[in-house]
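Hello,

Here is the structure for you to open and turn around on your screen.

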Amino acid sequence: MPGFTQIPNEWVFDDPLWTSEKFTKPQAYIDLYKLAQYKPSIINKRGNIIHLKPGQLGWSQIELSKRWKRSLNWVRSLLNYLEESGHIVLQKSNVSSTITLLHWKEF
C-alpha cells in the first residue's frame, strides 16, 4: 500500500531506547532512512571529501556495525540483501560506504 509514515526523530530515533540493544534487520533498514541526508551535503572522512545527495548516507560498515551492535559480517550480509532486493545501491571505498536509498522520497 503506497503512503508515507512520519516518525518524529526526537521521540523515537533520538531516544536512547532506539540504540539500547542489538538492531534487528528491519530496525537497521529503518535506521538507514534516519541516517540519510535530507539535503545535499559534504562529509569529511579521513581527509577525503564525500558529496552526498538527499537519500544517501556515508557511513562505513564498521560504523554501522558499532551503531547497530552487530558484527561486520552481519552488516555486510544485510547490505548485500538490501542491494540484491532493490532497496539500496552500495558504493564501497577504502574510506566509507555510500549507501543510496532507492525508495527515498523528497518532500
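**Hairpins and sheet**

S4 and S5 form a hairpin, and four residues lie between the two strands. This is a predicted model, in which local features need pLDDT of at least 70 and side-chain atom pairs count only at pLDDT 80 or more, while totals for chains, interfaces and linings use all residues. Residues are numbered from 1 along each chain as its sequence is written, and side-chain values use heavy atoms, with hydrogens and water left out.

A word on the labels: helices (H or I, at least four residues) and strands (E, at least two) are DSSP runs, numbered from the N terminus. Two strands pair if DSSP finds at least two bridges between them. Strands of a sheet pair through backbone hydrogen bonds, either parallel or antiparallel.

S4 and S5 (residues 97-101) are joined by five bridges in the antiparallel sense. Leu90 has Ile99 in S5 as its bridge partner, and Val89 has Thr100 in S5. Three strands make up an open sheet in the order S3-S5-S4, with antiparallel pairing. S3 (56-58) and S4 (88-92) are at the edges with a single partner strand each, so one side of each has no neighbour in the sheet. From one strand to the next, the twist averages 15 degrees.

Another hairpin is formed by S1 and S2, with two residues between them; Arg46 in its turn has a positive phi of about 50 degrees. S1 (residues 41-45) and S2 (residues 48-52) also pair in the antiparallel sense, over five bridges. Here Ile42 has His51 in S2 as its bridge partner.

**How the helices pack**

For the angles, axes are lines fitted to C-alpha atoms (for helices, over the stretch in contact), and angles run from 0 to 180 degrees between N-to-C directions. Angles under 35 degrees count as roughly parallel, over 145 as roughly antiparallel, 65 to 115 as roughly perpendicular and the rest as oblique. Contact means heavy atoms within 4.5 Å. For residue classes, Ala, Val, Leu, Ile, Met, Phe, Trp, Tyr, Cys and Pro count as nonpolar, Asp, Glu, Lys and Arg as charged, and the others, Gly among them, as polar.

H3 lies across S4 and S5 and runs at about 130 degrees to S4.

The axes of H1 (residues 25-35) and H3 (residues 72-84) come within 11 Å and cross at roughly 70 degrees. The two helices, H1 and H3, are therefore roughly perpendicular. Lys25, Ala28, Tyr29 and Leu32 of H1 make the contact with Trp74, Leu78, Leu79 and Leu82 of H3. By class, this contact of H1 with H3 has seven nonpolar, no polar and one charged residues.

The axes of H2 and H3 come within 9 Å, crossing at roughly 110 degrees. H2 and H3 are therefore roughly perpendicular too. Among the residues that meet are Ile62 and Trp68 in H2 and Val75 and Leu79 in H3. The contact of H2 with H3 divides into eight nonpolar, two polar and one charged residues.

**Pockets**

On a 1 Å grid over the protein atoms alone, a pocket is an open set of points where a 1.4 Å probe fits, with protein on both sides within 12 Å along at least five of seven lines; lining residues have an atom within 4 Å of a point. Grid points are joined across faces, edges and corners, and a volume is the space filled by probe spheres set on the points.

The largest pocket has a volume of about 890 Å³. It is lined by 20 residues, and the closest to its centre are Phe4, Thr5, Tyr33, Trp104 and Lys105. That lining divides into eleven nonpolar, six polar and three charged residues.

The second largest pocket has a volume of about 240 Å³. H2 (61-68) supplies the largest share of its lining, three residues.
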